[in-house]
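Here's a quick briefing to read alongside the model. Take a look at the structure first, then work through the notes.

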Amino acid sequence: MAAKKRTRKKTTKKKKTANYTINISGLILIFVSIFAGLKLGLVGRFCANIYRILVGNGFEILAIVLIILGIVMFFSGKIPRIGWKRNLGLLLLIVSILAIMQAILFQRLALNNDILGVSWRLLVTDLKNSQVATDVGGGMLGAFLFSVAQPLFSLIGTVFVSCILAVVGLLMFCDVQLDQVIQLGQQGMKRLQAVFLHLQELYV
């Protein structure tokens, strides 16, 4: 009997530790993201540059999102789930924005080749100098996406395709149905026709 009681106590303790792991992870995420977002001291600039390796100039937005995620994890003890459709929509939105940011950077630099190499060197320079100063576009994720899309669609084509994917991603994240979009489009067309007819009556 004593052995059974000890086993039950150990199992209970393990369960509690597993629950608190998510809470502690959320708390760490909050502190790291605050330091990164505000670039507080050497630690803050280092964390900011780690975020920049992923998402480039969008590191502050990433920090805000992770702070919110950390708060939810800390107080609820759970990782929030938003469903596969919203996850896919958010992913499309993020990768599209990062690709556009990288396209803008390389248009400014007037470069078309060694996209990954140039992007990495820009990031490492700031990391070595412990500064957050250089325009790094969409980070290495943006660089990878742009390096794949640019030969296929060109710079302008990449921006165009990314804009379309960003709109699709936003609609998916907001759980907007296709028939709702079509209805809105039809209503918009009817209003434009009404305005056009009205103007025709006034000036003809």
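The notes below cover a surface patch, a helix pair and some salt bridges.

This is a predicted model, so a pLDDT of at least 70 is needed for local features and 80 or more for side-chain atom pairs, while totals for chains, interfaces and linings use all residues. Numbering starts from 1 along each chain as its sequence is written, and side-chain values use heavy atoms, with hydrogens and water left out.

**The nonpolar patch**

- L27, F31, I34, F35, L38, L40, V43, I71, F74 and F75 make up a nonpolar patch on the surface, with about 910 Å² of accessible area together.
- To join such a patch, a residue needs over 30% relative accessible area and no salt bridge, and nonpolar side chains (Val, Leu, Ile, Met, Phe, Trp, Tyr) are joined within 5 Å.
- Accessible areas come from the Shrake-Rupley method with a 1.4 Å probe, and for residues only the protein chains shown count as cover.
- Two elements, α1 (2–38) and α3 (59–76), each give two or more residues to the patch, and α1 provides the largest share, five residues.
- Helices here are DSSP runs (H or I, at least four residues), numbered from the N terminus.
- V43 sits in helix α2 (residues 41–55) and counts as exposed because its relative accessibility is 53%.
- The cut-offs are under 20% relative accessible area for buried, over 50% for exposed, and in between for partly exposed (1.4 Å probe, protein chains only).

**How α4 and α5 pack**

- Helix α4 (residues 84–109) packs against helix α5 (residues 115–128) at an angle of about 90°, with the axes 12 Å apart.
- That makes the two helices, α4 and α5, roughly perpendicular, a label that covers angles of 65 to 115 degrees.
- Axes are lines fitted to C-alpha atoms over the stretch in contact, and angles run from 0 to 180 degrees between N-to-C directions.
- Q102, L105, F106 and L109 of α4 meet I115, V118, S119 and L122 of α5, where contact means heavy atoms within 4.5 Å.

**Salt bridges**

- The whole structure has four salt bridges, each a side-chain nitrogen of Lys or Arg within 4 Å of a carboxyl oxygen of Asp or Glu.
- One of them joins D126 and R52, with the closest N and O atoms 2.8 Å apart.
- This pair links helix α5 (D126) with helix α2 (R52), 74 residues apart, and both D126 and R52 are buried.
- K85 and D175 form another, at 3.3 Å from N to O.
- K85 is in helix α4, while D175 is in the loop between α6 (139–173) and α7 (178–203), 90 residues apart.

Conventions:
Patch = residues over 30% accessible without salt bridge, like charges linked within 9 Å, V, L, I, M, F, W, Y side chains within 5 Å. Parallel < 35°, antiparallel > 145°, perpendicular 65-115°, else oblique.
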